[in-house]
Amino acid sequence: MAASPGFDRRALLKGGLTVTAVGALGAFGTARADASVAAPEIYGTGDWGARPPSGAITVENHKPTYIVVHHTVEPGNSEDYSKERAFQISRDIQNFHMNTRGWIDTGQQFTNSRGGFVTEGRHRSLEILRGGTQHVQGANVANHNSEVIGIENEGLYSTVDVPRALWDSLVKLVAYIASQYGIPPENIKGHRDFNSTECPGQVLYDRLPELRQAVGGALGRSVAAPLEWPLLKPGDTGRKVLAAQHLLRARGARSVPADGVFGPSTRDAVSALAAAHGLTGHTCYAAAHADETGFLGADIWPLITPSVRPGTGDEAARAAGALVEATGTRVTGVLTPRTWQELLAS
Ligand SMILES: [Zn+2]
């Protein structure tokens with residue numbers, strides 16, 4: 001005889017869920033109760049010889065909203081794919097964060113090595129993830145640490161791809177986190193989607209749509225493409241740079257030339273804006289190993305793209321014109337941050 005309804009109900013109640021609650025979760029398509037996402041092997045702080053934290057770990061009584069992907073940048077792309085290497089980088093990062101940054105513990109919640117070994121970063125992250133209802137506050141995305149659960153991937157992925165083992169373990173880890181917390185795949189982000197940093201490297205960042213699809217597949221969900229701000233760096237050229245220059249000029253940075261070349265004056269204007277808004281401390285391991293002065297990203301764009309009705313020939317109109325001219329899109333009426341974002345993404 002097949003399992004009786006009574007058996008099913010007992011099993012559900014044992015999981016702390018009523019039948020009604022399971023139905024509601026199913027309706028939203030979230031996968032808290034989705035047994036298809038297996039827990040990956042994650043080595044705890046005790047396994048890799050972590051130091052005790054120097055202060056109390058903050059556990060917040062809510063789930064994280066976003067899963068954030070980082071790359072470590074330093075010490076580069078090792079060809080040591082061993083578990084011992086994964087443990088060593090876990091210790092190195094913790095030492096750097098505690099000794100140099102003065103933090104209480106490792107900044108990120110999890111670390112993924114080039115050999116595909118996943119370790120717990122900040123203490124209690126594994127236990128709290130398994131619980132699926134709370135959030136260990138880390139230090140890996142400035143101004144967003146109560147919202148994000150961060151994964152540091154060993155290596156530098158600005159121009160080269162990640163090893164297959166790292167990718168496979170990343171997919172499994174992110175799918176498990178998304179399943180545990182009911183996080184939609186659209187909320188899988190790169191560090192640069194929050195701060196003006198290159199992290200997690202252009203190549204790995206460009207694979208985030210593939211990561212979202214893979215996780216969506218594991219969860220049985222379809223995935224929409226999220227709209228993100230572009231990252232502009234000194235040395236970049238083109239219409240997005242030109243638009244940014246007009247927007248900076250509209251804010252009073254008159255020394256910025258409108259030439260479509262991200263040169264020193266543009267960099268200085270962006271740096272000054274970041275400093276004025278306290279946006280210079282990108283708290284992840286990668287940012288400490290790269291000069292990202294003057295990068296214009298997700299935390300700067302909202303400052304220079306207010307809702308505005310462009311007047312004939314003014315800087316906002318010129319900025320919109322630079323983007324529209326290239327896309328063929330016709331913009332009328334008030335430009336909102338959302339429309340700026342759509343123009344910049346096209
Ligand atoms: Zn980062």
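Start by selecting helix 6, which lies across strand 1, strand 3, strand 4, strand 5 (118–120), strand 7 and strand 8, and runs at about 170° to strand 7. Keep in mind as you explore that this is a predicted model.

**The whole chain**

Zoom out for a moment and colour by secondary structure. The protein chain has 13 helices and eight strands. Of its 346 residues, 48% count as buried. Now think about contacts between residues at least 6 apart in sequence: 74% of them join residues at least 24 apart.

**The sheet under helix 6**

Next, select the strands that helix 6 lies across. In what order do the six strands of the open sheet run? The order is 1-5-4-7-3-8, and the pairing is mixed. At the edges you will find strand 1 (42–43) and strand 8 (188–190), each of which pairs on one side only. In general, strands of a sheet pair through backbone hydrogen bonds, either parallel or antiparallel.

Select residues 148–153, which make up strand 7. Is this strand mostly covered or mostly open? It is mostly covered, with six of its six residues buried. Look at one side and you see Val148, Gly150 and Glu152; turn to the other and you see Ile149, Ile151 and Asn153, and both faces are covered.

To see where the two strands line up, find histidine 70, which stands opposite glutamate 152 of strand 7.

**Valine 174, on helix 6**

Go back to helix 6 (residues 164–181) and pick out valine 174. Because its relative accessibility is 0%, valine 174 counts as buried. Show its surroundings: beyond the residues up to four places away in sequence, valine 174 touches Ile67, Ile151, Ile188, Leu211 and Val215.

In soluble globular proteins, nonpolar side chains tend to be buried together. Which residues have the most contacts inside the largest nonpolar core? Select Ile67, Phe110, Ile177 and Leu211; the core they belong to has 34 residues. Strand 3, helix 5 (125–131), strand 7, helix 6, helix 7 (202–206) and helix 8 (208–219) each supply at least two residues of this core. The largest share, eleven residues, comes from helix 6.

Centre the view on isoleucine 67. Leaving aside neighbours within four places in sequence, its contacts include Ile149, Ile151, Val174, Ile177 and Ile188. Asn187 and Lys189 are also among the residues that isoleucine 67 contacts.

Then move to a second, separate core of 29 residues, which includes Leu247, Leu279, Leu296 and Ala298.

**A pair of helices**

Select helix 9 (residues 239–250) and helix 12 (residues 315–327). Their axes come within 7 Å and cross at roughly 170°. That angle makes helix 9 roughly antiparallel to helix 12. Show the side chains where they meet: among them are Leu242, Ala243, His246 and Leu247 in helix 9, and Ala319, Ala322, Leu323 and Ala326 in helix 12. The residues of this contact divide into eight nonpolar, two polar and five charged.

Most residues other than glycine have a negative phi, and most peptide bonds are trans.

- Select cysteine 199 and proline 200: a cis peptide bond joins them, with omega at about 10°. Proline 200 is found in the loop between strand 8 and helix 7.
- Select arginine 124, in the loop between strand 5 and helix 5. Its phi is positive, about 80°, although it is not a glycine. Arginine 124 counts as partly exposed because its relative accessibility is 36%.
- Select asparagine 143, in the loop between strand 6 (135–136) and strand 7. Its phi is also positive, about 70°, although it is not a glycine. With a relative accessible area of 56%, asparagine 143 is exposed.

Conventions. Residues numbered from 1 in each chain as written. Heavy atoms only, no water. Buried < 20%, exposed > 50% of the residue type's maximum accessible area, 1.4 Å probe, protein only. Helix = DSSP H or I, 4+ residues; strand = E, 2+ residues; numbered from the N terminus. Pairing = 2+ DSSP bridges. Axes fitted to C-alpha atoms, helices over the stretch in contact; angles between N-to-C directions. Parallel < 35°, antiparallel > 145°, perpendicular 65-115°, else oblique. Contact = heavy atoms within 4.5 Å. Nonpolar A, V, L, I, M, F, W, Y, C, P; charged D, E, K, R; others polar. Core = buried A, V, L, I, M, F, W, Y, C linked by side-chain atoms within 4.5 Å.
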